[in-house]
Amino acid sequence: VVAIDMAGPESQGLEEDPNWLNRTIKLFSQARQAGLKTTYHIGETPRSGWKNTERILHAIRPDRLGHGIQIRNAPKAKKEEILRVLGATNTCLEICP
């Protein structure tokens, strides 16, 4: 085992539930402490959107985001901020055309 990956139906908006998010933050923190890399799938659909993608980027701090393409719909200043964070944290976007 070298990593953990969180994936599921983006239509549920789980990232908006504070209890769920806090449990997930703890899980990812434990994985990092164990030396595992982390991936979180979000931002593929409009339902998860750029706001939830940004929320996960800051709260979970994954090594890699599966998708993240909804970032393109963020207002210009917010998009630039998110892209700066991605670069500063060396967070990879996993994107398929």
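Let's start with His41 and what it touches. Leaving aside its neighbours within four places in sequence, His41 is in contact with Asp5, Met6, Ala7, Glu10, Gly66, His67 and Glu94, where contact means heavy atoms within 4.5 Å. You'll find His41 in strand β2. At 16% relative accessibility, His41 counts as buried; the cut-offs here are under 20% relative accessible area for buried, over 50% for exposed and partly exposed in between, with a 1.4 Å probe and protein chains only. One distance to go with that: the C-alpha atoms of His41 and Gly66 are separated by 4.1 Å, and the two are 25 residues apart along the chain.

Quick housekeeping before I go on. This is a predicted model, so local features need pLDDT of at least 70 and side-chain atom pairs count only at pLDDT 80 or more, while totals for chains, interfaces and linings use all residues. Residues are numbered from 1 along each chain as its sequence is written, and side-chain values use heavy atoms, with hydrogens and water left out.

Okay, the sheet. Which order do the strands take? It's an open sheet of 4 strands, β1-β2-β3-β4, with parallel pairing. At the edges stand β1 (3-6) and β4 (92-94), each with a single partner strand, so one side of each has no neighbour in the sheet. On average, neighbouring strands of this sheet are turned by 20° against each other, direction ignored. Strands are DSSP runs of E, at least two residues, helices are runs of H or I, at least four residues, and both are numbered from the N terminus. Two strands pair if DSSP finds at least two bridges between them.

Now the pairings themselves. β1 and β2 run parallel and are joined by 4 bridges, and Ala3 has Lys37 as its bridge partner in β2.

Buried or exposed, for Ala34? Exposed, at 60% relative accessibility. Its C-alpha atom is separated by 9.7 Å from that of Ala3, 31 residues away along the chain.

From α1 itself, I'd pick out Thr24. At 4% relative accessibility, Thr24 counts as buried. Leaving aside neighbours within four places in sequence, Thr24 is in contact with Met6, Tyr40 and Ile60. Met6 turns up in the list for His41 too.

On to the helix pair. Helix α2 (residues 49-59) and helix α3 (residues 76-88) pack at an angle of about 30°, with their axes 11 Å apart. That makes α2 roughly parallel to α3. For the record, axes are lines fitted to C-alpha atoms, for helices over the stretch in contact, and angles run from 0 to 180 degrees between N-to-C directions. Under 35 degrees counts as roughly parallel, over 145 as roughly antiparallel, 65 to 115 as roughly perpendicular, and the rest as oblique. The crossing of α2 and α3 is left-handed, that is, the near helix is turned anticlockwise from the far one by less than a right angle; clockwise would be right-handed.

Who makes the contact? From α2 it's Trp50, Glu54, Leu57 and His58, and from α3 it's Lys78, Glu81, Ile82, Val85 and Leu86. By type, those residues divide into 5 nonpolar, 1 polar and 3 charged. In that scheme Ala, Val, Leu, Ile, Met, Phe, Trp, Tyr, Cys and Pro are nonpolar, Asp, Glu, Lys and Arg are charged, and the others, Gly among them, are polar.

How many residues of α2 are buried? 8 of the 11, so α2 is largely enclosed by the rest of the structure. The buried ones are Gly49, Trp50, Asn52, Thr53, Glu54, Ile56, Leu57 and Ala59. What covers them includes α1, β2, β3 and α3.

Arg61 has a positive phi of about 55° although it is not a glycine, and Arg61 sits in the loop between α2 and β3. Asn90 also has a positive phi of about 55° without being a glycine. Asn90 is in the loop between α3 and β4, and is exposed, with a relative accessible area of 68%.
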